[in-house]
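Please examine the predicted model shown here.

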Amino acid sequence: MWRRLAANRLVLLGTVITVVIVTLGILAPWISPDDYAKQDLLSSLEPPLSKGHLLGTDQLGRDTLSRILHGIRLSIFVGFVITAISLFFGGLLGLAAGYYRGKVDTAISAVIDIFWGFPLILVAVLLVGALGPGLLALMLAVGLINWAGFARVMRGEVLALREREFVEAARALGINDLRIMWRHVLPHAVPATLVLGSYYVALAIIFEAGFSFIGMGVQPPNPSLGQMIGEARNYMLVDSWLMTIPGVTIAVLVIALNLLGDGLRDIFDPRLKDN
Amino acid sequence: MIGFILKRLLYTIVVMFIASVAIFYALRVAPGDPVNAILNPTAMEQARAALRARLGLDLPIWEQYFVYVKHIFQGDTGESLLTGKTIPHVLATYGLRSLVLAGTALLIAYAIAIPLGVLAAVRRNSIWDQAAMFFANLGMGIPSFWLALLLILLFGATLHWLPIEGSGDLRHLILPASVLSVESLAVTMRLMRSSMLEQLGQDYVRTLRAKGVRGRRIIWVHVVRNALIPIISLTGLRIGWLIGYAVIVETVFRWPGLGYELVDSVIRRDYPVAQGLSLLLTLAVLSANFLANMAYAVVDPRLRKG
């Protein structure tokens, strides 16, 4: 798999950048040069490469590099954690629906369709209204909608897989359903859900940034890349670095994740190559 | 086909019902009281209680819901708690602005993405192809609100060519519609390219070549037409996505559309407006999905039974 990921230069680039950024995010508390919330009004709005602040400071004199690193950490947390949770539940329901068919499928599919019909933004706005702005409402919203995507893909895969000879053979041998699902069906359905997962991580990251940008997501002083851009908006004409740095960071991270997703898709599903 | 339509219609009604309950509940369990937004903060408790009773806010939530539904079926859709405007008026005003924004964005996206997708596929691996795919990746990665700020900085603050917020004449539409179109443009271009590549590999293309039909004619008359099918069937979903995503773009440009007003009414606890706009947004997305399903069924008769 690694060799095939490396075969395409763009995909390789995406993978390397993703790994680097994720590592930076995870290590943020230990490698940040400064406290992300520490204010120093005497050295506010310093440009990048100024003394003691590699990427400069914001309007309150907080170190931009430290805030960016912690912002990345938060983006990655939101992106990966919420995707993993929705993949788990969505995958489980999709597996059950596809494997058992009949009434189980009808019931689960109905629930999937209902959640699938809701606009994510609306769910997020309402949850923010109900729970107050913050990470919890945002992650709940993304999770509530995205599990349905995983369930759809998983169900489709399993519906096709259960008719294959090796599953029939396992059934003929008298192996019980749970074991067939776990050992014989699931491994074949993982690739397709993983491909979707890599795009969903990118989507969740963009979504968190967008929501924090309009002030309904992560609240200060906690740093989020989107919220940093939102704050920088007021200083756009004075110091455009302040909004450029987090913007570029999000763009690079999302593009890298999308390239990685393209690569995974080409490996797992060569039929879709060049899509 | 009729069975299919009825089934989708039933689905839409069920989702709308669940949405209406969820929206109603989510708004009311939240801390905050619309009475505070209407009355002077120094108003006496009796005055607050009286207003609450007049608005029906002293009832249990489920009872409030039944009153709400009853009023709607009696043709009384209510009015904004803060501005007194009737809900149909509010929905028509903001809904129309969002529709204009999303529609323009879709037009921009398709007008650029489809020709470029064709070009990229026909000149596969050429510099055109690589440039188009580079911009597609860029377009999918750049956060729209950040792009919006960059454009505001360039065209509004530096060059003074375009207004940067509000709505009014056509010039107000240019920046928000362009920003909103970028993601759709990138996705559609990729889709058009891969759809073209798939069609170019089909037997009928070889047959046409063998018959001596000119290359350009094959591409534009035969291949493009077939390659457009997935784009057309996904247009419904695209519109739904654009209307939903417009919330963030509308907020950046202070474009007074559905999304901007929805966020505002939720924050200010203007229940009737927030409910109306939420339901309109849900209905818009459901209708867009419905159209997408219809388009699929028209394109692929096998799906009509579903």
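The model is predicted: local features need pLDDT of at least 70, side-chain atom pairs count only at pLDDT 80 or more, and totals for chains, interfaces and linings use all residues. Residues are numbered from 1 along each chain as its sequence is written, while chains are lettered from A and ligands numbered from 1 in the order in which they are written.

Chain A contributes 33 residues and chain B 37 residues to their contact, contact meaning C-beta atoms, placed from the backbone, within 7 Å. Helices H4 (102-117), H5 (120-131), H8 (177-213) and H10 (241-268) of chain A each give two or more residues to the side of chain A that touches chain B; helices are DSSP runs (H or I, at least four residues), numbered from the N terminus.

Helix H4 of chain A contains A:Ala110. This residue counts as exposed because it has 11 C-beta neighbours inside 10 Å, the limit for exposed being 12 or fewer.

In the largest nonpolar core, of 151 residues, A:Ala124, B:Ala148 and B:Leu242 touch the most other members. Such a core is a set of buried Ala, Val, Leu, Ile, Met, Phe, Trp, Tyr and Cys residues joined through C-beta atoms within 7 Å, buried meaning 20 or more other C-beta atoms within 10 Å.

| Helix | Residues in the contact, among them |
|---|---|
| H5(B) | B:Ser98, B:Leu101, B:Ala102 |
| H10(B) | B:Arg238, B:Ile239, B:Leu242 |

How values were computed: Contact = placed C-beta atoms within 7 Å.
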